[in-house]
Amino acid sequence: MNRTATPVRRQLNTPPVAASPFPYNPGSLLSVEDLSLEAVSHLLARATALENEDPLVRARILAKRRVALLFYESSTRTRTSFELAAKGLGADTTLVSSLSSSIEKGESLKDTGLTLRALGAEAIILRHNSSGAAWLLEAETRLPVLNAGDGMHQHPTQALLDLRTILAHLRPGIQAVTAETLAGVTVTIVGDILHSRVARSNMLLLPRLGARVVLCGPKELLPELAAHAGPGISIERNFEAALAQSQIVMMLRIQAERLAGMQLDLEEYKANYQLTGPRLAAHAPTAVVLHPGPIIRGLEITAGVADGPQSAILEQVRNGVAIRMAVVERALKAADQGGRA
Amino acid sequence: MTALVIRGGQLIDPAAGVDALKDVLLKDGKVAEIAAPGKLKSANGADVLDATGLTLAPGLIDMHVHLREPGQGYKETIASGTAAAAAGGFTAVAAMPNTVPVNDSPEITRWMQAPERRAAVRVFPIAAATRGSRGEALNDYAALKSAGAVAVSDDGRPILKDNIMRETLAAAARVGLMVIQHAEDTRLTQDASMNLGPVSFKLGLRGMAPEAESSIVERDIRLVNELRDTRVHLHVAHTSTAAALAAVRQARRNGLRVTCEVAPHHFLLTDEHVGLYDTNAKMCPPLRSAADRDAMIEAILDGVVDAIATDHAPHAVHEKEVEFDNAPNGITGLETALGLSLRWLHKEWKLPLGRVLSLLSAQPAALLGMKGRGTLIVGSFADVVVFDPKAEWTYNARATKSKSRNTPFDGWTMQGKIRWTVSEGRIAYNAESA
């Protein structure tokens with residue numbers, strides 16, 4: 001094709017993209033991109049304060065407030081920790097899951113949200129298999145919506161609890177985060193990046209604190225365009241080369257439920273990307289190993305590494321409750337301050 | 001009413017090379033006389049529309065709309081869709097066959113044109129290329145043509161099999177119909193809901209690669225070339241990628257009868273306009289990259305694009321108020337096409353007014369073989385749009401004549417306010433009584 005015959009005119013003035021109206025409710029947490037570093041610092045500080053608070057005092061903070069958990073996908077950690085967090089602050093919680101509700105009868109997300117609001121829910125925690133579902137729910141209900149994972153898109157509380165875990169290991173005692181807090185730190189995220197909302201959330205949060213995020217995985221699970229998602233993100237396909245640079249190694253599960261017919265040679269995958277004891281000892285003997293769970297032992301990570309001294313996987317789970325207390329508190333306190341649209 | 005005079009306006013008739021102040025007499029559905037202001041000879045007793053300070057042009061022709069009848073009257077009817085067309089300055093629309101049932105028969109083709117549909121402007125059905133648009137067995141094109149079909153297409157259900165597409169092109173050519181292809185290799189776009197690129201990655205949505213469009217366009221052009229029959233006419237619907245346009249451009253250089261249309265949203269918007277899951281920015285083909293969008297503008301300015309067509313695709317509010325990946329594809333477009341084209345193609349990118357109007361009337365008329373439309377020479381149909389080309393206005397989707405309002409252009413500033421739309425001598429739209 002002779003491209004010179006059709007030069008593309010530069011400098012065309014074209015229609016602008018409208019500014020995002022989201023979030024409608026200041027208590028919502030839809031994406032890590034909605035949080036300023038000041039807001040992140042505040043949430044980290046509140047997580048610590050609430051964790052250290054007398055449980056009886058803590059339970060008065062949101063006493064008898066109503067929080068709904070709306071789950072369209074199965075979940076162990078996120079659901080339980082959100083529920084324990086809300087209850088720990090004294091709130092009443094109710095769980096609606098897609099398999100035991102009118103969702104099965106064809107009720108839409110909009111109608112389900114409006115119904116929960118009419119029942120007195122003051123905030124909704126949503127886990128959904130469609131990317132963007134939390135934005136739809138927030139636009140329709142105008143309630144504080146906490147995104148507990150939307151499709152392949154975002155899982156902001158996971159990124160916050162990962163950050164808390166990272167800080168505890170690499171920057172103990174730090175009070176507030178800035179654009180330099182994680183300068184010099186390389187976080188490698190390994191595996192099924194394409195389908196991972198955890199990866200997207202972390203790669204959009206951690207570089208804002210100065211970290212380098214290295215993505216590692218095969219082409220089928222890590223397209224080249226992932227490196228364009230934001231600043232501070234690069235791709236290294238060689239796992240061992242990535243490990244050698246890393247202070248943090250975050251392993252991901254292969255999301256069989258989202259592969260959509262993709263054929264993957266698991267033996268080859270394990271040969272190239274499984275985090276094994278010898279690999280870790282040889283290339284990243286001091287790195288902290290994270291995994292958002294659920295882990296599939298013997299696939300992306302060996303049992304020895306998961307249970308080993310470098311693993312902070314259960315610490316992440318514990319941090320989840322503290323972070324989610326802070327996020328639930330923010331949801332209802334922001335609403336109290338006139339945030340209801 | 002049998003006679004109507006439009007007096008004092010600037011007549012722009014690109015096909016006739018006219019751009020001058022003229023009075024026009026419409027009589028019995030046809031253009032009866034055109035004269036310098038005040039010089040009409042036989043205007044006695046006619047009703048008068050005072051077009052002083054306004055422009056009159058051949059009624060616009062949209063060669064790609066979905067009117068949803070038969071079968072989906074809750075989204076649109078032929079009456080409501082053509083009312084929206086008239087409000088947008090269109091006097092003829094070519095209706096795609098993906099109705100329920102699919103328009104693959106002379107009976108449905110005639111039904112769509114029947115007076116009982118109460119169409120405000122002329123409806124020209126495009127019939128399905130294959131039975132049920134399943135891409136397997138060809139329909140009877142001669143019978144469809146005599147029932148009024150102006151082209152054949154399996155829009156929305158692209159013809160993937162090489163042999164079926166080859167037979168379709170050959171059979172349509174024998175009866176003088178063009179084949180309109182919705183170019184999308186659906187084997188590559190399963191579960192995808194927007195353009196493949198950095199934006200889709202970031203939003204966690206599965207993307208449609210530009211190659212899913214261009215590979216089908218390239219395949220179709222190869223088939224046209226192999227057929228070696230100058231009557232074969234391939235028309236690429238809603239072209240959205242630079243690669244597809246490059247293929248069309250090259251085919252034209254090679255002397256093949258390959259034409260294409262571009263929709264306003266594809267020359268104005270990019271995948272960034274999806275924002276945070278705006279389902280009114282979801283259509284197929286999807287909004288593409290800025291480079292692709294710029295290629296659409298360039299190809300319109302340099303003449304490779306043959307027509308602007310809206311792909312007007314109404315959907316009910318409740319169908320679009322859902323998760324992005326569950327929302328149906330398509331946006332409305334009839335009421336915004338002229339306003340957007342004048343605001344951007346003409347005012348911003350300096351395409352002469354006559355060329356904008358030609359892309360919206362004379363050229364689609366020629367592509368579809370419409371006799372006596374797309375021009376206002378004496379004897380042609382009295383299809384006229386009268387508008388103020390300088391007036392700016394704001395589009396309000398809630399005031400639409402369509403049954404649906406799934407548009408990304410709600411609240412946008414438009415240029416060129418329509419005053420009257422006249423369809424075969426009858427006033428189909430009057431801004432003062434709208």
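**Close-up views of a predicted model**

**View 1. The two domains of chain B.** In this predicted model, chain B splits into domain 1 (3-56 + 381-396 + 413-433) and domain 2 (59-367). Where they meet, domain 1 of chain B contributes 19 residues and domain 2 of chain B contributes 23 residues.

**View 2. The domain 1 side of that contact.** Here we look at the side of domain 1 of chain B that touches domain 2 of chain B, where strand 16 (384-394), strand 17 (413-423) and strand 18 (426-430) of chain B each give two or more residues. Strand 17 of chain B gives the most, with seven residues. By type, this side of domain 1 of chain B has twelve nonpolar, five polar and two charged residues.

View 3. Which residues of helix 2 (residues 106-113) of chain B are buried? They are B:Pro106, B:Ile108, B:Thr109 and B:Met112. These four lie on the same side of helix 2 of chain B, because they cover an arc of only 165° around the axis. Their packing partners are helix 1 (78-87), strand 7 (90-95), strand 8 (122-127) and helix 3 (141-146) of chain B.

**View 4. Chain A meets chain B.** This contact takes 31 residues from chain A and 31 residues from chain B. On the chain A side, helix 4 (109-118), helix 5 (133-141) and helix 7 (197-205) of chain A give two or more residues each. Helix 5 of chain A gives the most, with three residues. The side of chain A that touches chain B is made up of 17 nonpolar, ten polar and four charged residues.

Note on methods. Residues numbered from 1 in each chain as written. Chains lettered and ligands numbered in written order. Predicted model: local features only at pLDDT ≥ 70, side-chain atom pairs only at ≥ 80, totals over all residues. Domains from an automatic or database assignment. Contact = placed C-beta atoms within 7 Å. Nonpolar A, V, L, I, M, F, W, Y, C, P; charged D, E, K, R; others polar. Buried ≥ 20, exposed ≤ 12 C-beta atoms within 10 Å, placed from the backbone. Arc of directions from axis to C-beta.
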